[in-house]
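Walk through this model with the viewer open.

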Amino acid sequence: LAGGVLWWGVLSSRLDFEAVENRLTELVAQKRRAGVAILDLTQSNPTRVGLSYPPGWEHAPANPGARVYAPEPRGLLVARRAVADYYAERGVAADPDHVVLCASTSEAYGMLFKLLCDPGDSVLAPRPSYPLLEPIAALEGVRLERYPLRFDGSWHIDPDEVRSRLDPLAKAIVFVNPNNPTGSYLKRHELEPLEELALRHGLALIADEVFSEYAVRTDPARVPVLAASSRVPAVSLGGLSKLAGLPQVKVAWILVGGPPAERDRILGGLDHVSDTYLSCSGPMQHALPSLLDLRRSVGAQIASRTGENRACLAELGADVLADEGGWCAVLRLADGTDDEAFALDLLAGQDVLIHPGYLYDFSETGFVVVSLLPPPSVFREGIARFLRAATGS
Ligand SMILES: Cc1ncc(COP(=O)(O)O)c(C=O)c1O
């Protein structure tokens, strides 16, 4: 191979991630090897928290229609109609022709970044927020610029701070509605100036609405389904993962909205991206009408579980940042406490696993995140130990 290029070991810069040594993960592995029972307050996998799923639900994909391969870039009409019916039940008119199916919301982000961005372009996203946004953007060659969510008793987006993060290569603004982990919803008065900004700079709006059904209470100030009401090109992301507690099924969707001409250009572009991969499984598309129905049983259990665990936090007197929904709670540590060091000590000394806030890119230290999905007995004991450690009692 004299003179050849040494290609192995030279991976693309999309994979240039700082190898962050996660001491928490190492300690978890060490404890598990030693047979220690950990109270896992980071568990957010709905299939592992003791929820009851209707017997036989997994047979839904055994549909005779699924024997034939009928590739459709947007997905089978029977499945897109089921998504439109779901929105109709929420009082939102959605045309099945404006729905594009895919395998997951993560994939939906990837499709949208391919659609809207050239390599090196940027997308604005909230901070703190969903940790997967960074690697998804990096894999598409897209820069993620972060606009802050500010907390002053409730969480806010300041449109001026979004504006100040815009650069000439910005192509979209992402809202996570409600956000993970802050549980805060996008409000109409926050959206209005951002729509103006989008109009002026030719930006698309992307709303990740996977947790939208898990509100603590209703609030007319919220934007419920962005794509259904936006004055600018906008998409809403949803999926079975959170809505019906079925992350393993791998069905999600993009609802496209905005002015008709731009909406149709986006749909045409998504047809091309989607047709290249055709990743949403046929049997699952045939099963979607009945799988979506699981939101009534499994989704309802999740809502009641998160409610019970929220009540437990209040009863035990934890210092919780006020939230409006979602599957997480953000807890505040005493001033000056390092979140990573605290989480490590809690695991080492109390066998309780929580997430330090830095994993979600909190701009300050001193915040930790717990999932509200664990069984209430595990949650209660874990929080009791957490509070003993946090208060030194
Ligand atoms: C905000 C947010 N969006 C999307 C997802 C993932 O959804 P999916 O399983 O459809 O990729 C998660 C998972 O935790 C999430 O927190």
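A pocket is an open set of points on a 1 Å grid over the protein atoms alone, with protein on both sides within 12 Å along at least five of seven lines; a cavity is a set where a 1.4 Å probe fits but cannot get out; lining residues have an atom within 4 Å of a point. Grid points are joined across faces, edges and corners, and a volume is the space filled by probe spheres set on the points. The model is predicted: local features need pLDDT of at least 70, side-chain atom pairs count only at pLDDT 80 or more, and totals for chains, interfaces and linings use all residues. Residues are numbered from 1 along each chain as its sequence is written, and side-chain values use heavy atoms, leaving out hydrogens and water.

Start with the largest pocket. It holds about 800 Å³ of space. Its lining has 34 residues, and Ser44, Tyr130, Leu132, Asn180 and Lys242 lie nearest the centre. Helix H3 (105–116), helix H8 (240–243) and strand S13 each give two or more residues to this lining. Helices (H or I, at least four residues) and strands (E, at least two) are DSSP runs, numbered from the N terminus. By class, the pocket lining divides into 20 nonpolar, 11 polar and 3 charged residues. Here Ala, Val, Leu, Ile, Met, Phe, Trp, Tyr, Cys and Pro count as nonpolar, Asp, Glu, Lys and Arg as charged, and the others, Gly among them, as polar.

Of its 13 lining residues, Leu149, Ile157, Ser184, Tyr185 and Leu186 are closest to the centre. Strands S4 (143–151), S5 (155–157) and S6 (170–176) each give two or more residues. S5 has the largest share, with 3 residues. The lining counts 9 nonpolar, 3 polar and 1 charged residues.

The second largest cavity has about 80 Å³ of space. Its lining includes Tyr86, Arg90, Glu209, Glu213 and Trp253. Helix H2 (77–89) and strand S8 (234–239) each supply at least two lining residues. The classes are 6 nonpolar, 3 polar and 3 charged.

S13 also belongs to a sheet. Three strands form an open sheet in the order S10-S13-S12, with antiparallel pairing. Strands S10 (328–332) and S12 (355–356) stand at the edges with a single partner strand each, so one side of each has no neighbour in the sheet. Two strands pair if DSSP finds at least two bridges between them. S10 and S13 (residues 367–371) are joined by 5 bridges.

Next, helix packing. The axes of H1 (residues 23–33) and H11 (residues 339–350) come within 10 Å and cross at roughly 5°. H1 is therefore roughly parallel to H11. Axes are lines fitted to C-alpha atoms, for helices over the stretch in contact, with angles from 0 to 180 degrees between N-to-C directions. Angles under 35 degrees count as roughly parallel. Contact (heavy atoms within 4.5 Å) involves residues including Leu24 and Leu27 of H1 and Leu344 and Leu347 of H11. The contact residues divide into 7 nonpolar, no polar and 3 charged.

Finish with the backbone. Most residues other than glycine have a negative phi, and most peptide bonds are trans. The bond from arginine 127 to proline 128 is cis, with omega near 0°. Asparagine 177 and proline 178 are also joined by a cis peptide bond, with omega about 5°. Leucine 278 has a positive phi, near 45°. Leucine 278 sits in the loop between helix H9 (260–277) and helix H10 (282–316).

Definitions and conventions: Angles under 35 degrees count as roughly parallel, over 145 as roughly antiparallel, 65 to 115 as roughly perpendicular and the rest as oblique.
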